[in-house]
Amino acid sequence: MNPKSSADVKAFFDPETWTFTYVVYAGKKSPCVVIDSVLNFDPKSGRTSTQSADEVISFIQGEQLQLTWILETHAHADHLTAAPYIQDKLGGKIAIGDHITNVQNVFKGVFNLGEQFAIDGSQFDYLLKDGESLQFGALSLKALYVPGHTPACMAYEIGDALFVGDTLFMPDVGTARCDFPGGSAQTLYRSIQKVLAYPDETKLYMCHDYPPTDRPEAYCTTVGEEKKSNIHVHDGISEAEFVQMRSQRDATLDMPTLILPSIQVNIRAGHFPEPESNGKSYLKIPLNAL
């Protein structure tokens with residue numbers, strides 16, 4: 001990574017899911033990427049809406065950017081992706097890490113999706129391998145495989161920054177849970193060490209923030225700040241200590257409110273299930289499965 005190289009980053013915050021979406025670009029009229037978009041979803045009514053995605057689209061249009069890639073850091077369990085909606089409005093290709101096939105395989109069983117549901121990642125336009133690079137205009141991104149929260153998590157290195165997904169949170173919040181199917185606290189610790197091996201000045205952009213009550217939401221920190229003061233994984237915390245803490249903490253956490261709708265949609269690259277005979281799509285709620 002060239003520490004002098006930087007991209008323009010515009011962050012959008014969805015307060016309902018505590019999620020940050022990013023547009024990364026190199027000035028007006030340049031090619032851009034979108035990372036971790038949000039489709040608004042009301043679990044009480046089953047209605048979707050697009051206000052969060054429309055903010056992103058409006059910005060891209062206002063800056064006259066050319067959308068090339070719509071990236072997912074992983075198959076999120078706390079919000080639905082708006083990738084197909086954004087693609088329909090602006091073009092671009094939807095990409096995720098190639099280990100998404102492992103997640104699809106697990107949840108195909110959980111939701112009993114049947115033989116018609118492919119577990120080869122073909123719902124996405126492109127599957128990124130660890131270390132693979134993609135060019136968009138004057139910028140390029142490099143995929144970094146960082147499993148642990150899920151078995152398919154990717155971080156994206158662009159210029160002097162890493163977009164870390166749910167691998168790390170702001171220093172006063174800590175790290176992501178590891179108790180979803182295929183998650184592993186030991187694996188997450190090792191993935192975090194990959195991130196913290198970057199130069200201290202490397203900027204880290206979060207996918208979420210769950211701030212303590214005494215500060216507003218925040219989305220950017222540095223490797224140096226995480227090493228110094230992350231409450232779960234600062235310098236000096238051993239792998240064994242981290243695994244014990246993470247395992248004990250995860251045992252106390254409720255499932256995310258939107259995990260059942262989110263996973264079903266996100267393993268389909270944001271597409272809804274095929275409509276039934278009445279023209280409507282349906283999501284499943286597996287009883288006593290999670």
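1. In this predicted model, T50 lies in the loop that joins β5 (47–49) to α1 (51–62). T50 is partly exposed, its relative accessible area being 22%; the cut-off for a buried residue is under 20%. Setting aside neighbours within four places in sequence, the contacts of T50 are L39, N40 and Y85. Of these residues, L39 is 11 residues from T50 in sequence, and the C-alpha atoms of T50 and L39 are 5.7 Å apart in space.

2. The crossing of α1 and α2 is right-handed. On the α1 side the contact is formed by A53, D54, I57, I60 and Q61, and on the α2 side by Y85, I86, K89 and L90. Sorted by class, the residues of this contact are 6 nonpolar, 1 polar and 2 charged.

3. Helix α4 (residues 185–196) and helix α6 (residues 239–250) have axes 9 Å apart and pack at an angle of about 125°. This angle makes α4 oblique to α6. The crossing of α4 and α6 is right-handed. From α4, the residues A185, Q186, L188, Y189, R190 and I192 meet E239, F242, V243, R246 and S247 of α6. The residues of this contact comprise 6 nonpolar, 2 polar and 3 charged.

4. Which residues of helix α3 (residues 100–110) are buried? They are I100, V103, Q104, F107 and K108. Viewed down the axis of α3, these buried residues fall within an arc of 135°, so they line one face of the helix.

5. Positive phi values should be noted at several positions. Most residues other than glycine have a negative phi. N112, which follows α3, has a positive phi near 50°. K29 is a residue other than glycine with a positive phi, near 70°, and is located in the loop between β2 (19–25) and β3 (31–35). D36, also not a glycine, has a positive phi of about 60°. D36 belongs to the loop between β3 and β4 (40–42). Is D36 buried or exposed? With a relative accessibility of 2%, D36 counts as buried.

6. Finally, T222 is part of strand β14 (residues 220–222). T222 is partly exposed, with a relative accessible area of 22%. Not counting residues up to four places away in sequence, T222 touches D200, E201, T202, K203 and L204. Y198 is 24 residues from T222 along the chain, and the C-alpha atoms of T222 and Y198 are separated by 9.7 Å.

Methods
Residues numbered from 1 in each chain as written. Predicted model: local features only at pLDDT ≥ 70, side-chain atom pairs only at ≥ 80, totals over all residues. Heavy atoms only, no water. Helix = DSSP H or I, 4+ residues; strand = E, 2+ residues; numbered from the N terminus. Buried < 20%, exposed > 50% of the residue type's maximum accessible area, 1.4 Å probe, protein only. Axes fitted to C-alpha atoms, helices over the stretch in contact; angles between N-to-C directions. Parallel < 35°, antiparallel > 145°, perpendicular 65-115°, else oblique. Left-handed = near helix turned anticlockwise from the far one by under 90°. Contact = heavy atoms within 4.5 Å. Nonpolar A, V, L, I, M, F, W, Y, C, P; charged D, E, K, R; others polar. Arc of directions from axis to C-beta.
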